[in-house]
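Subject: Structure for you to look at

Hello,

Here is the structure I promised to hand over. Please open it first, then read my notes beside it.

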Amino acid sequence: MRGRATRRTGQGARRRAPYAFLAPAVVLFLLFFALPIGYAIHLSLRTVEVRGLGLGSGARQEVWAGLANYTDALGDPELLDGAVRVAVYGLIVVPVMLGLALLFALLLDADRVRGRRVSRLLIFLPYAIPGVIAALLWGFLYLPSVSPLHHTLDALGLPEPDLLGGNALYLALSNIAVWGGTGFNMIVIYTALRAIPADVYEAARLDGCSQLQIALRVKVPMVAPSLVLTFFFSIIATLQVFSEPTTLRPLTNGVPTTWSPLMKVYQDAFGNGDIHSAAATAVVIALITLALSFGFLRAAGARTRQEEAR
């Protein structure tokens, strides 16, 4: 009897062990992810009602607003303008960053390349620099009064570009993102390249393929899942752009406080003091990001299944 009881106790402990290991992660998920999301949704469904002059106790009262905040957010032209700016920004950043990452990964994976470890570290190093610090460094390089580039162009009698105004601002902001994100994406693609068996390359060489043909016809198709993954991460990072334009804003008048959707959320919450409208806008941005991500993953998965079926 004691042996059976001991076995039952041991079996019960083994059944509970996975839940014990999962418990810390579940608690952290609830506290720092699910609870803030729930609170943001709660705030987005309420608003502040002001009575009279808004002075005295009870003059400002939080009331139920329903979907009014969402209607106002979707109809706000500043949010639409910010989304258009982010779309233009993404059309520049994502192709250039992923193209450079793939190029660097292919070069580092070449047979005759020298200094592979040092080159890999130098390409990855900008990613280790915080985005705010990188934006400050580039911001001072863009300023005509302190930039060595502008002083050099002035000494040569060449025109000095205004990188902090007009359409050139997109290139200035895109350069910061490309400089900081290429290294991470390169590491992801390079790791996938190193996982390809050497027999595949040997078979391609026996078929008479050159290094360029191996890179384009063998390596690139085989690292397609890594390219999809990096593209997915890059899209999410583009939709969440905030630190670069916010850091450059004190240096120029060309960056409004609502340049990106997340900047508008910050301005509504802490600049205008309307935290309920900011919460609704944040929820809208989260839902759009989720829909785009889900749609892209489904499209990528469907294409992968079609290729496997062939």
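Accessible areas here come from the Shrake-Rupley method with a 1.4 Å probe, and for residues only the protein chains shown count as cover. With that method, the protein chain exposes about 19600 Å². Carbon and sulfur atoms supply 66% of that area.

Two notes on the source. This is a predicted model, in which local features need pLDDT of at least 70 and side-chain atom pairs count only at pLDDT 80 or more, while totals for chains, interfaces and linings use all residues. Residues are numbered from 1 along each chain as its sequence is written, and side-chain values use heavy atoms, with hydrogens and water left out.

**Overall shape**

The protein chain has 13 helices and two strands. Helices (H or I, at least four residues) and strands (E, at least two) are DSSP runs, numbered from the N terminus. The C-alpha trace spans about 95 × 85 × 35 Å along its principal axes. The radius of gyration of the protein chain is 26 Å, whereas a compact globule of 310 residues would have one near 19 Å. That radius is taken over C-alpha atoms, and the globule rule is 2.2 Å times the number of residues to the power 0.38.

Buried residues make up 33% of the 310 residues. Buried means under 20% relative accessible area, exposed means over 50%, and partly exposed lies in between (1.4 Å probe, protein chains only). Now take the contacts (heavy atoms within 4.5 Å). Of those with a separation of 6 or more, 63% are between residues 24 or more positions apart.

**The cores**

A nonpolar core is a set of buried Ala, Val, Leu, Ile, Met, Phe, Trp, Tyr and Cys residues joined through side-chain atoms within 4.5 Å. The largest one has 22 residues. Which of them touch the most other members? They are Tyr89, Val93, Tyr142, Leu173, Ile176 and Trp259. Helices H3 (77-108), H5 (131-142) and H7 (168-194) are the elements that give two or more residues to this core. H7 gives the most, with seven residues.

Look at Ile176. Not counting residues up to four places away in sequence, Ile176 touches Ala135, Trp138, Tyr142, Glu244 and Leu248. There is also a second, separate core of 18 residues, including Ala101, Ala192, Ala204 and Val218.

Start with Ser174, in helix H7. Is Ser174 buried or exposed? Ser174 counts as buried because its relative accessible area is 2%. Leaving aside neighbours within four places in sequence, Ser174 is in contact with Tyr89, Ile92 and Val93.

Next, go to Val283 in helix H13 (residues 275-309). Val283 has 14% relative accessibility, so this residue counts as buried. Val283 touches Ala40, Ile41, Ser44 and Tyr70, again not counting residues up to four places away in sequence. Val283 and Ala101 are 182 residues apart in sequence, and their C-alpha atoms are 32 Å apart.

Then try Ile236 in helix H10 (residues 224-239). Ile236 is partly exposed, with a relative accessible area of 22%. The C-alpha atoms of Ile236 and Asn167 are separated by 23 Å, and the two residues are 69 residues apart along the chain.

Finish with Val50 in strand E1 (residues 46-50). Val50 is partly exposed, at 42% relative accessibility. Val50 and Arg60 are ten residues apart in sequence. In space they are 4.6 Å apart, C-alpha to C-alpha.

Best wishes
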